[in-house]
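Hi,

Here is the structure I said I would pass on. Have a look at it first, then read my notes below.

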Amino acid sequence: MPPNPPPAVIETRALTKVYPGHVTALDGLTVSVAPGVTGLVGANGAGKSTLIKILLGLLPPTKGQAKVLGHDCETGADTIRTLLGYMPEHDCLPPDVTATEFVTHLGRMSGLPPTVAKERAAESLRHVGLHEERYRQIGTYSTGMKQRVKLAQALVGDPALLLLDEPTNGLDPAGRTAMLELIARIGAEFGISIVVASHLLGEIERICDQLVAIDAGRLLRADTISSFTQTSQLLAVEVTEGLAQLQAELAVRGLAATVHAKTLLVPLGGDGTYDVVRDCVADLDLPLCRLEQRRQQVEELFRDEQDDQDEQERVPHA
Amino acid sequence: MPDSPQAAGVIHDLGYRGYDGPRLARSQIVRALTWHSFRSAFGIGRGAKAKIIPVLAFIAICLPAVINAFAVARGDSRLYSYDVYAVTLRVVVVTLFIAAQAPELVSRDLRSRVLPLYFCRPLRPGDYPLAKYLALTAALLLLLEVPLLILYAGTIASAHGGAAVWAQTRALIPGLGVGLMWAVLMAAIGLVLACRSGRRAYATGIVAISCFLTWSLSLLLLGAEGGMNATSTGARLAGLFSPFTILDGTRMWLGGTSPGEVADPGHFGPLYGALAVVLLAASLGGLAARYRKVSQA
């Protein structure tokens with residue numbers, strides 16, 4: 001952490017939301033999100049959408065407090081909504097109007113005067129990569145184009161913060177990459193802070209400055225991407241047989257290796273680690289087929305942490 | 001930032017520009033949404049197909065007034081009274097209009113799930129139904145009052161002397177009031193029924209069937225009780241079963257004398273008035289509740 005962290009764009013304190021019927025969507029969530037591109041990750045049902053609705057001031061929290069850009073979500077909801085752009089997860093476009101008409105109208109609804117709304121609608125659609133197509137009815141668009149219109153309508157009001165809920169939903173791999181690049185560009189070049197909610201961590205970690213992981217309404221971990229990856233130098237070892245043997249042998253020699261999908265991950269301490277692995281494999285006479293340095297995927301870190309937590313939870317009951 | 005016209009020809013990416021200019025207040029946004037909805041109530045800004053029903057409704061309801069203008073010019077007296085102007089035609093046209101256009105205003109947005117995009121903007125959940133209600137009321141007002149104005153214009157064009165014009169004007173004013181009453185209540189009923197369903201055909205069906213069925217029920221009951229001129233309690237109460245007859249009973253309670261859709265309510269008049277108010281309040285309450293729920297979903 002730098003000595004003077006920039007003011008948080010989102011801050012929640014012990015935020016709890018219990019729906020009627022005792023369904024707890026958020027459970028004492030305390031998190032602070034710095035400016036930049038932030039990934040909000042969690043499985044489906046982890047509480048991402050509930051959090052977004054509270055931030056938009058559409059749902060009152062049961063307990064706790066949430067602030068967006070310094071405004072309280074309950075008392076300052078009107079102000080917050082003039083500063084936010086929101087892209088919902090689901091389909092939200094009428095098929096029988098053109099993208100230009102639609103985004104212009106929503107620009108008006110964001111409080112833009114008529115001519116400004118028209119100009120900004122054209123610009124937003126151009127920024128998301130819709131040119132001549134914007135005069136066609138939305139019903140004729142591909143999924144990728146529709147996602148772009150959804151992003152354009154979030155952008156039209158010149159928000160200070162964008163909330164994007166599963167922006168790559170329904171896109172093919174090329175479309176996903178294009179959408180992620182677009183989001184990264186908006187974050188970097190347009191100077192707009194972005195929160196991207198996704199259940200696909202591997203995807204959004206590519207474009208995020210920081211990550212917030214929630215699970216069952218609670219904070220799993222929130223940190224910058226670099227701090228996630230700092231301690232994650234690993235050596236991936238693959239052998240066609242004798243994986244368990246090798247793991248045991250490595251443990252004897254002081255290396256705590258873990259198995260992930262037929263790959264042995266060994267924490268990389270220095271050049272010495274390579275020698276130990278080589279000796280082990282040679283001594284056991286195993287067919288080595290891969291030995292490579294790997295940056296640990298953030299996903300694995302989360303998984304570890306979750307496993308730890310699950311274990312801690314289990315212990316008292318045992 | 002390279003945004004001069006010359007640069008635009010070469011550099012396609014002008015870079016992002018923010019907006020620091022003035023923004024509309026919430027009330028102005030509601031006004032913009034009302035205007036947008038008012039236009040779409042007549043199919044303006046939409047395809048040609050969307051204009052068919054509003055235009056037909058408008059022509060149909062203006063026709064008697066136009067015919068009146070010719071009749072008056074030939075020397076006949078005015079064919080329709082202002083306060084019960086072609087009342088059966090009016091019931092049919094208003095029902096068709098709200099059955100077609102109330103879903104146009106609310107069901108489309110429900111169907112395409114565009115509402116979260118409104119509610120994440122400065123609008124509050126109550127503002128959206130308010131704008132839709134004002135828009136449909138204004139559209140109905142136009143549909144109900146323009147024929148009266150044509151009727152008035154056609155009549156005074158052949159009137160002789162200031163006294164005759166003044167008499168027409170005095171007759172017109174309560175007629176305009178009745179039109180306002182119809183618009184205010186029927187817009188609320190149309191919207192609260194239409195917003196039950198995102199399927200446009202269903203919404204249209206719900207509105208049309210509720211209006212026509214209740215109206216037929218009231219007319220049937222009235223017929224069974226001896227018709228328009230009956231003075232039995234049953235006849236006086238028969239109009240309480242449909243919004244159109246409630247409106248007509250309220251008109252008579254407020255002093256209207258032209259024979260309309262219902263028997264003279266007599267001392268049951270206040271009941272008609274009260275029921276009209278209750279119906280309006282219930283419809284508007286239902287509308288607001290519906291959108292409070294939608295905004296949180």
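Let's begin with Y80(B): leaving aside residues up to four places away in sequence, Y80(B) touches P64(B), N68(B), Y85(B), A86(B) and L151(B). Keep in mind that this is a predicted model, and that goes for everything below. You'll find Y80(B) in the loop between α3 (52-74) and α4 of chain B. Is Y80(B) buried or exposed? Y80(B) has 21 C-beta neighbours inside 10 Å, and the cut-off for buried is 20 or more, so Y80(B) counts as buried.

Now zoom out to chain B as a whole. Chain B has 11 helices and zero strands. About 80 × 50 × 30 Å is what its C-alpha trace spans along the principal axes. Chain B has 297 residues, and 43% of them count as buried. If you take the contacts in chain B with a separation of 6 or more, 72% of them come from residues 24 or more positions apart.

One helix to look up is α10 (residues 243-253) of chain B. Why is α10(B) described as largely enclosed by the rest of the structure? Because 11 of its 11 residues are buried. Among them are F244(B), I246(B), D248(B), R251(B) and W253(B). The cover over these buried residues of α10(B) includes α4 (87-111), α7, α8 and α11 of chain B. Just after α10(B) comes G255(B), with a positive phi of about 115 degrees.

The axes of α7 (residues 162-194) and α8 (residues 200-224) of chain B come within 8 Å and cross at roughly 135 degrees. That angle is why α7(B) is called oblique to α8(B). The crossing is right-handed. Which residues make the contact? On the α7(B) side they are G190(B), L193(B) and A194(B), while α8(B) brings A203(B), I206(B), V207(B) and S210(B). Sorted by class, this contact has five nonpolar residues, two polar ones and no charged ones.

Chain A has a sheet to look at. Four of its strands form an open sheet, in the order β2-β1-β4-β5, with antiparallel pairing. The edges are β2 (23-33) and β5 (71-72) of chain A, each of which pairs on one side only. At the β5(A) end, two bridges join β5(A) to β4 (residues 63-68) of chain A. To see where they line up, find V68(A), which stands opposite H71(A) in β5(A). Helix α1 (residues 48-55) of chain A packs on the sheet, where it touches β1 (10-19), β2 and β4 of chain A. The direction of α1(A) makes about 115 degrees with that of β1(A).

Last, the place where the chains meet: 27 residues of chain B are in contact with 31 residues of chain A. On the chain B side, α2 (26-41), α5 (115-119) and α11 (269-296) each supply at least two residues. Which helix gives the most? That is α2(B), with five residues. By class, the side of chain B that touches chain A has 15 nonpolar, six polar and six charged residues.

Conventions:
Residues numbered from 1 in each chain as written. Chains lettered and ligands numbered in written order. Predicted model: local features only at pLDDT ≥ 70, side-chain atom pairs only at ≥ 80, totals over all residues. Contact = placed C-beta atoms within 7 Å. Nonpolar A, V, L, I, M, F, W, Y, C, P; charged D, E, K, R; others polar. Buried ≥ 20, exposed ≤ 12 C-beta atoms within 10 Å, placed from the backbone. Axes fitted to C-alpha atoms, helices over the stretch in contact; angles between N-to-C directions. Parallel < 35°, antiparallel > 145°, perpendicular 65-115°, else oblique. Left-handed = near helix turned anticlockwise from the far one by under 90°. Pairing = 2+ DSSP bridges.
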